[in-house]
Amino acid sequence: MQNHLNVKQRAIIPIAAFTANGDLDKLRVALCDGLDAGLTVSEIKEILVQLYAYAGFPRSLNGIGTFMTLLSEREKEGIRDEKGRGSSPLPTSRTSLEFGAENQTRLVGQPVTGPVFDFAPAIDQFLKAHLFGDIFQRDVLNWQDRELATVAALANIEGVNPQLQGHLSIALHNGLSPEQLRDLIGVLRTKCGPTVAENAGVVFDQVLASSKQVPFGDRPAMDNVEATANLQKEKNMGQQHSDLRNGGIFPVGEKNEKYAKYFTGTSYLKVLSTERMFIGNVTFEPGCRNFWHIHHKGGQILLVTGGRGWYQEWGKAAKELRAGDVVNIAPETKHWHGAAKDSWFSHVAVEVPAEGGSTEWLEPVPDEAYNRLPK
């Protein structure tokens, strides 16, 4: 099970959230970020279509119209976005209602019944046949990504906490980890503000408590040894992120004045060792990154200790970095690395010893290219 959402999954969240609340200006930005993160046109269309079932046809149609306009403008600018594949044909051997009843049971983990469906059986049929049959049977998105979109949309609509709680439970049941859903709440905080994120966090804690999973925070440890270990791990991770301004697990050091001319933004350097090789802890403020550069002969190894950042080699897509990631940079490789726009970032840099080794500093990473990276 992955511990964190990937770049494309994170990009789904603001698209769904701003479609749901009708903020088309922010949706436009989120759509651009989603395309730049690697979401295909088909995948984004699928998100916008699905949300009619949760936010209503007007919001869904407005989102689709905004997306159409954006794609037309990008095409005129010479940007060719990947279209992606459409949905496979639905089997004709069973009805949408049959598929939907099965899909709903698998998603929730048990058959769904209740007084509301007895009172209004038509809504039960529509949910099963159309939402969970016609829509969830389509294979453009997997169920985890569909639940990310649903949770993000419900979190940004007032007054639907019971539905938000239900879909957070469904997300956990379908393989999204508590850490990944904490990531989702973190993206909501950045994009939608603290009020939306704090409400989602409260609802999520209720879900974890009711399902006997260990929430993030100071809940008593359960008797299960593994759960206790997971609680301590989450506490340690939370402490590490809160300590990033102090350099993560190593001292932050002083402002990196010696190399400041090769950085955009502010960084800090703490030399950890010069015996046999140079090892230093580098901490980047949000938005800070170094210039393109090349390590001649020796190369370099990066050990990521906290926050979120980026590494990119010349001619290749940028790679998102998080705590625990290791980057082995071969000699003569033109590259850069630094923090995400909304996160502090720390890594230990290990210079690989080599006779005659040196670093060649090149041009800065343009703001235009950096700002196209997902937030």
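The model is predicted, and it holds 19 salt bridges. Among its features are a network of salt bridges that links Arg10, Arg308, Glu320, Arg322 and Asp342, and a nonpolar surface patch made of Ile249, Phe250 and Leu272.

**Helix α2**

- Helix α2 covers residues 24–37, and because its 14 residues at 1.5 Å a residue should span 20 Å, the 19 Å between its end C-alpha atoms agrees with that expectation.
- The buried residues of α2 are Leu27, Ala30, Leu31, Asp33, Gly34, Leu35 and Ala37, and they pack against α1 (7–21), α3 (41–50), α5 (57–76) and α11 (178–192).
- After α2 comes Gly38, which has a positive phi near 110°.

**Salt bridges**

- Asp81 and Arg74 form a salt bridge in which the closest N and O atoms are 2.8 Å apart, and both of these residues are buried.
- Asp124 and Lys128 meet through their side chains at 2.5 Å, N to O; they are 4 residues apart in helix α8 (residues 121–135), so about one helical turn separates them.
- Asp124 counts as buried at 19% relative accessibility, and Lys128 is buried with a relative accessible area of 12%.
- Asp205 and Arg182 also join in a salt bridge, at 2.5 Å from N to O, and because Asp205 lies in helix α12 (residues 194–210) and Arg182 in helix α11, the pair ties together parts that are 23 residues apart in sequence.
- Asp205 counts as partly exposed at 27% relative accessibility, as does Arg182 at 21%.

**Surface patch**

- Ile249, Phe250 and Leu272 together have about 250 Å² of accessible area.
- Leu272 lies in strand β3 (residues 267–273) and counts as partly exposed, at 31% relative accessibility.

Note on methods: Residues are numbered from 1 along each chain as its sequence is written. This is a predicted model: local features need pLDDT of at least 70, side-chain atom pairs count only at pLDDT 80 or more; totals for chains, interfaces and linings use all residues. Side-chain values use heavy atoms; hydrogens and water are left out. Patches are made of residues with over 30% relative accessible area and no salt bridge: like charges are joined within 9 Å, nonpolar side chains (Val, Leu, Ile, Met, Phe, Trp, Tyr) within 5 Å. Accessible areas come from the Shrake-Rupley method with a 1.4 Å probe; for residues, only the protein chains shown count as cover. A salt bridge is a side-chain nitrogen of Lys or Arg within 4 Å of a carboxyl oxygen of Asp or Glu. Helices (H or I, at least four residues) and strands (E, at least two) are DSSP runs, numbered from the N terminus. Buried means under 20% relative accessible area, exposed over 50%, partly exposed in between (1.4 Å probe, protein chains only). The expected span of a helix is 1.5 Å times one less than its number of residues. Contact means heavy atoms within 4.5 Å.
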